[in-house]
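Please look over the sequence and the structure before reading on.

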Amino acid sequence: MCLSRIFSTCWVLLLVQLLCSQAVPISIDKTKVKEPEAKAEEPPASVDTGLHYDRYLREVIDFLEKDQHFREKLHNTDMEDIKQGKLAKELDFVSHHVRTKLDELKRQEVNRLRTLIKAKQDLEGGNDIAVDHQALLKQFEYLNHMNPHTFEVDDLDRLIKSATKDLENYDKERHEEFKRYEMMKEHDRREHLKTLDDEQRKKEEEHYEEMRKKHADHPKVNHPGSQNQLKEVWEEADGLDPEDFDPKTFFNLHDTNGDGFFDEQELEALFTKELEKIYDPTNEEDDMVEMEEERLRMREHVMNEVDSNKDRLVSLDEFLIATKKKEFLEPDSWETLEQNQAYTDEEMREFEEHLAQQEQDLNLKSVDLQKQREELERQQEQLNAQKMELQQAVEHMEKLKSQKFLCVSVALLTLHFAQEGQQQQVPQAVPQNAEDTPQEHKEQNPDLAQHGAPQTHQDLPPGHQDAAQGQHNLP
């Protein structure tokens with residue numbers, strides 16, 4: 001593959017080699033070397049590098065490779081020139097389409113980082129605090145945060161240097177992570193023993209020692225990368241006669257992507273037979289996390305011994321030179337993980353002290369949170385009491401309001417009925433014959449004398465209309 005040849009001169013671009021490699025199980029039987037058949041290339045499965053900007057890195061490299069000028073310059077540039085930033089300057093000569101796509105990739109990455117910053121702030125309860133994204137983006141050294149819109153020479157230079165540094169520290173960080181895993185496992189075992197009585201504790205300790213001895217009882221493990229180890233793969237996995245072992249043929253057999261290099265995944269595949277001697281996923285005593293750590297230790301050891309230019313790739317020349325060394329022909333014995341405890345007693349003591357301090361801090365925080373909870377509950381009770389008093393006051397006011405309204409209504413009704421009663425008083429009787437009405441009657445009723453008698457019964461007060469109607473109907 002052209003990609004791996006291009007990136008063989010620098011640390012960071014080895015990343016593409018890791019991503020584009022396809023490790024094939026070494027248990028496949030190969031009886032002879034065959035020329036690779038021409039076939040349509042399929043996109044290789046991606047392997048995550050572990051870098052938090054892995055996707056951004058792979059996409060940038062992928063688009064840069066599509067530019068012929070940049071690909072040619074990369075192929076002819078050595079590692080020191082790349083580290084000094086000479087390769088990054090070639091970005092000015094790539095096609096407009098590639099530059100436009102790189103601009104888009106950078107904008108997407110900046111937006112992703114801003115989203116992560118905002119999400120972290122939300123989790124920490126800082127929703128009301130304004131976020132200074134520019135200040136926070138400074139921690140991401142692999143891009144120029146001052147220019148979030150376009151991908152420039154400085155961005156490529158930063159990306160190369162950051163990936164180089166991060167890959168160099170990868171094994172160191174992995175060792176520390178595994179050490180913490182082993183110490184936590186031992187800590188949990190000790191804590192479990194504290195919960196048991198004397199008899200149960202004794203049985204548990206005996207079982208633990210039995211599992212340790214059982215795990216250590218395995219066939220001899222060959223030194224990784226030695227002639228004996230490779231011959232075993234040649235015989236058992238490849239099905240070939242160990243007497244016919246040929247380093248160059250072996251290299252071609254296990255260079256699974258045919259690019260002329262052993263990458264880290266291809267090397268790790270060579271150690272499967274050795275690991276099967278020590279670990280079995282069906283056994284209680286075998287820890288698969290430890291198996292993967294053992295595999296990585298073997299790969300790291302071979303890289304340190306064989307990879308002379310430290311590009312994290314083993315070329316055919318490097319491999320053939322290594323097969324002529326004494327370490328290849330007469331290697332020392334290989335000490336497995338059970339023979340090399342990942343931590344010291346002092347580190348274990350400090351680790352447990354740290355855990356105890358963390359537990360104490362959590363307990364204090366728990367007590368503080370409990371007090372805060374009790375205070376909140378007390379305040380809630382006060383609020384509920386105040387709410388109850390307010391409701392009672394509102395109900396009392398509504399009751400008084402209703403009573404006042406009732407009194408006013410009664411008073412108005414009383415006044416209304418009083419007025420009706422006055423209107424319903426019957427006037428003095430009117431003579432049946434109007435002509436016989438004496439003059440004194442008019443004098444006694446000045447209103448009648450002044451205004452005249454009502455003309456119709458409709459002018460009579462209420463209650464007297466029916467009587468008037470009855471008189472009117474008399475014969």
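What follows covers salt bridges, a charged surface patch and a pair of residues brought together by the fold.

The model shown is a predicted one.

## Salt bridges

The count of salt bridges comes to 37.

| Salt bridge | N to O distance |
|---|---|
| Asp155 and Lys106 | 2.8 Å |
| Arg201 and Asp198 | 2.9 Å |
| Glu264 and Arg299 | 3.6 Å |

Take Asp155 and Lys106, which form a salt bridge with their closest N and O atoms 2.8 Å apart. Asp155 belongs to helix H9 (residues 153-168), and Lys106 belongs to helix H7 (residues 96-123), so the pair ties together parts that are 49 residues apart in sequence. Are these two residues buried or exposed? Asp155 has a relative accessible area of 1%, so it counts as buried. Lys106 is buried as well, at 0%. The cut-off for buried is under 20% relative accessible area.

Arg201 is partly exposed, with a relative accessible area of 27%. Asp198 is exposed, at 62%.

The side chains of Glu264 and Arg299 also meet in a salt bridge, at 3.6 Å from N to O. Glu264 is part of helix H14 (residues 264-269) and Arg299 is part of helix H16 (residues 288-306), so this pair ties together parts that are 35 residues apart in sequence. Glu264 and Arg299 are both buried.

Some salt bridges share partners. Through them, Glu186, Arg189, Arg190, Glu205 and Glu352 are joined into one network.

## A negative patch

Which residues form the negative surface patch? They are Glu235, Glu236, Asp241, Glu243, Asp244 and Glu276. One of them, Asp241, lies in the loop between helix H12 (227-236) and helix H13 (247-254).

The UniProt record, an unreviewed entry, places the feature "domain: EF-hand" at residues 242-277. Over residues 242-277 the chain is 56% helix and 6% strand. The end C-alpha atoms of that stretch are 19 Å apart.

## A loop residue under cover

Asp67 is another loop residue, found between helix H3 (54-65) and helix H4 (68-75). With a relative accessible area of 7%, Asp67 is buried. How far is Asp67 from His97 in sequence and in space? The two are 30 residues apart in sequence, and their C-alpha atoms are 9.3 Å apart in space.

Conventions
Residues are numbered from 1 along each chain as its sequence is written. This is a predicted model: local features need pLDDT of at least 70, side-chain atom pairs count only at pLDDT 80 or more; totals for chains, interfaces and linings use all residues. Side-chain values use heavy atoms; hydrogens and water are left out. Patches are made of residues with over 30% relative accessible area and no salt bridge: like charges are joined within 9 Å, nonpolar side chains (Val, Leu, Ile, Met, Phe, Trp, Tyr) within 5 Å. Accessible areas come from the Shrake-Rupley method with a 1.4 Å probe; for residues, only the protein chains shown count as cover. A salt bridge is a side-chain nitrogen of Lys or Arg within 4 Å of a carboxyl oxygen of Asp or Glu. Lys and Arg count as positive and Asp and Glu as negative; His and the chain ends are not counted. The place of a charge is taken as NZ of Lys, CZ of Arg, CG of Asp or CD of Glu. Helices (H or I, at least four residues) and strands (E, at least two) are DSSP runs, numbered from the N terminus. UniProt positions are given in the numbering used here, feature names are shortened, and annotations may be inferred rather than shown by experiment. Buried means under 20% relative accessible area, exposed over 50%, partly exposed in between (1.4 Å probe, protein chains only).
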